[in-house]
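Please walk through this model with its sequence and coordinates at hand. The paragraphs below go from one segment to the next.

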Amino acid sequence: MVLTLRIYPDPVLRKKSEPVTKVSKRIKEYVDSMFSLLDQSRGIGLAAQQTGALKSIIVLNVPLENNKRFRTALINPSIIKKSKEKQEFEEGCLSFPGVYVKIFRPDTIISEALDITGKKNRFKSSGLVARAIQHEIDHLNGILLIDHIANKEERERIEKIFVKDYKF
C-alpha cells in the first residue's frame, strides 16, 4: 500500500484519531507503509493523520548517539507523566515543509502504547525521542506545529503560504 503525505491545510490534519481496537494484519501492513513514507520523507516521526487515516498510530525513527536509532511504532500512545523541566527546541513537520518553530516541551515523559504485537508497554524517554513522541501525539489530537506559535501574525503568515498553494 502506497501512502501519500498530507500537507497543511488538508482538513484531515485537524481531526482526532480513533483508537485501534485490534493490532491486525491490516494494521501491521499500514504501519509498514507508514515507515516507508517516513523513510522516503527523511523524517523522524509520522502520525497516521499525516497519511489521511484517523487511526491512533505513530511511527518513529529518531537518531540517537553512536549512529543508533529509536525506530518503533506506537499504537494508541498516551503520555502518562511529563517532567516539569521544559526545553526549547526548533521543530519541523513533514506536513509543513520548510517551516521550523521553536517550541517548549517537557524534556522527559512517561508514555504508554501498544507495540506492533499488541502488547502494552510503558516507557520513559527524554530529549529528542520525548519531543518526537509529543509532536506526533499532538497530530493524533488534531494539534499542529503552527498551534504552538504565540505570535498571531507569524502564524497567519505561515498559514497563508500553505493555503495559497493548497489544491482542494
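Ser-17 lies in the segment before H1, where helices (DSSP H or I runs of at least four residues) and strands (DSSP E runs of at least two) are numbered from the N terminus. The model is a predicted one, in which local features need pLDDT of at least 70 and side-chain atom pairs count only at pLDDT 80 or more, while totals for chains, interfaces and linings use all residues. Residues are numbered from 1 along each chain as its sequence is written, and side-chain values use heavy atoms, with hydrogens and water left out.

With a relative accessibility of 18%, Ser-17 counts as buried, the classes being buried under 20% relative accessible area, exposed over 50% and partly exposed in between, for a 1.4 Å probe and protein chains only. Once its neighbours within four places in sequence are left aside, Ser-17 is in contact (heavy atoms within 4.5 Å) with Gln-49, Leu-54, Lys-55, Ser-56 and Leu-140.

Ile-27, not counting residues up to four places away in sequence, touches Val-20, Lys-22, Lys-55, Ile-57 and Ile-75.

Five strands form an open sheet in the order E1-E2-E3-E6-E7, with antiparallel pairing; two strands pair if DSSP finds at least two bridges between them. Strand E1 (45-47) and strand E7 (120-126) stand at the edges, and because each has a single partner strand, one side of each is left without a neighbour in the sheet. From one strand to the next the twist averages 40°, with axes taken as lines fitted to C-alpha atoms (for helices over the stretch in contact) and angles running from 0 to 180 degrees between N-to-C directions.

H1 packs on this sheet, touching E1, E2 and E3, and its direction makes about 40° with that of E2. H2 also packs on the sheet, where it touches E1, E2, E3, E6 and E7, its direction making about 155° with that of E2.

Strand E6 (residues 108-114) and E7 run antiparallel and are joined by seven bridges. Along this pair, Thr-108 stands opposite Ser-126 in E7, and Ile-110 stands opposite Lys-124 in E7. The hairpin of E6 and E7 has five residues between the strands, and in it Gly-118 takes a positive phi near 95°.

Because 12 of its 14 residues are buried, H2 is largely enclosed by the rest of the structure; among the buried residues are Val-129, Arg-131, His-135, Asp-138 and Leu-140. Just after H2, Gly-142 takes a positive phi of about 75°.

Lys-102, for its part, is placed in strand E5 (residues 100-106) and counts as exposed because its relative accessibility is 54%. Apart from its neighbours within four places in sequence, Lys-102 is in contact with Glu-88, Phe-89 and Glu-90.
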